[in-house]
Amino acid sequence: MLTDIKNDDAATWKDIGEVLGKSEDRGAVYGAGTSPMDLPTFLRGCREWKGRFADPLLALVGGRWADAGSVCTGDEASASLTLSQLLPAIIAAELDGETTVAEIEPQEVLIRRVHRITGMWLDMIAAEHARRLA
């Protein structure tokens, strides 16, 4: 994984070692896979290269890299599928120009799911705006 990153980024083993807080020689040893890496060194690599660095190891336990604040759907339907399932019912409810509880109540579960998804999106946008202002 480190050799691929080195090649993709046109970096040297010195560059790799600096990112990891190690010497050029240690960077090359880690790249060759001939020495275990301590956790602080691994975390430095994660901070710099994210999934490119972490995913091969995390895949061993069924994991993958996700940035803090990412929204992962997990076992739930994707956001687009959830929204598309709700849309026909809302169109039907609005056809006469008036939406009643009786028309939308059967869709309560989907409406709550859409509400949760769009709320997460708004939280992500707010966090990004705050990050840009900082």
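**A walk through the helices of a predicted model**

Thr 41 lies in helix α4. Now set aside the neighbours within four places in sequence. Thr 41 is then in contact with Leu 20, Lys 22 and Tyr 30.

Leu 20 and Thr 41 both take part in the contact between α2 and α4. Two packed helices are described by the angle between their axes and the distance between the axes. For α2 and α4, the axes come within 8 Å and cross at roughly 110°. Angles of 65 to 115 degrees count as roughly perpendicular. The two helices are therefore roughly perpendicular to each other. On the α2 side, the contact is made by Ile 16, Val 19 and Leu 20. On the α4 side, Thr 41, Arg 44, Gly 45, Glu 48 and Trp 49 take part. By class, this contact has four nonpolar, two polar and two charged residues.

Helix α2 also meets helix α3. Here α2 spans residues 13-20 and α3 spans residues 24-32. Their axes come within 7 Å and cross at roughly 95°. That angle makes α2 and α3 roughly perpendicular to each other, therefore, by the 65 to 115 degree range. From α2, the contact draws on Trp 13, Lys 14, Ile 16, Gly 17 and Leu 20. From α3 come Glu 24, Gly 27, Ala 28, Tyr 30 and Gly 31. These residues divide into five nonpolar, three polar and two charged.

Next, the core. Which residues make up the largest nonpolar core? There are 11: Leu 2, Ile 5, Ala 11, Ile 16, Leu 20, Tyr 30, Phe 42, Cys 46, Trp 49, Phe 53 and Ala 54. The elements that give two or more residues to this core are α1 (2-8), α2 and α4 (39-58). Helix α4 supplies the largest share, five residues.

Ile 16 shows how the pieces meet. Leave out residues up to four places away in sequence, and Ile 16 touches Leu 2, Ile 5, Lys 6, Ala 11, Gly 27 and Trp 49. Among these, Leu 2, Ile 5, Ala 11 and Trp 49 belong to the core along with Ile 16.

Beyond neighbours within four places in sequence, Asp 9 is in contact with Trp 49 and Arg 52. The side chains of Asp 9 and Arg 52 make a polar contact at 2.9 Å. How accessible is Asp 9? Its relative accessible area is 39%, so Asp 9 is partly exposed.

Ala 10 lies in the loop between α1 and α2 as well. Its relative accessible area is 69%, so Ala 10 is exposed. Check the backbone here: phi of Ala 10 is near 50°, a positive value in a residue other than glycine. Lys 50 also has a positive phi, near 50°, and is likewise a residue other than glycine. Lys 50, however, lies in helix α4. With a relative accessible area of 35%, Lys 50 is partly exposed.

Glu 94 lies in helix α5, residues 79-94. At 48% relative accessibility, Glu 94 counts as partly exposed. Glu 94 and Ile 104 are 10 residues apart in sequence, and their C-alpha atoms are 9.8 Å apart in space.

Gly 119 is found in helix α7, residues 108-133. At 25% relative accessibility, Gly 119 counts as partly exposed. How far is Gly 119 from Tyr 30, C-alpha to C-alpha? The two residues are 89 apart along the chain, and 42 Å separates their C-alpha atoms. Tyr 30 itself is part of the largest nonpolar core, and it is one of the contacts of Thr 41, where this walk began.

Definitions and conventions:
Residues are numbered from 1 along each chain as its sequence is written. This is a predicted model: local features need pLDDT of at least 70, side-chain atom pairs count only at pLDDT 80 or more; totals for chains, interfaces and linings use all residues. Side-chain values use heavy atoms; hydrogens and water are left out. Axes are lines fitted to C-alpha atoms, for helices over the stretch in contact, and angles run from 0 to 180 degrees between N-to-C directions. Helices (H or I, at least four residues) and strands (E, at least two) are DSSP runs, numbered from the N terminus. Angles under 35 degrees count as roughly parallel, over 145 as roughly antiparallel, 65 to 115 as roughly perpendicular and the rest as oblique. Contact means heavy atoms within 4.5 Å. Ala, Val, Leu, Ile, Met, Phe, Trp, Tyr, Cys and Pro count as nonpolar, Asp, Glu, Lys and Arg as charged, and the others, Gly among them, as polar. A nonpolar core is a set of buried Ala, Val, Leu, Ile, Met, Phe, Trp, Tyr and Cys residues joined through side-chain atoms within 4.5 Å. Buried means under 20% relative accessible area, exposed over 50%, partly exposed in between (1.4 Å probe, protein chains only). A polar contact is a pair of N or O atoms within 3.5 Å; within protein, one must be able to donate a hydrogen and the other to accept it, and residues adjacent in sequence count only if both atoms are side-chain atoms.
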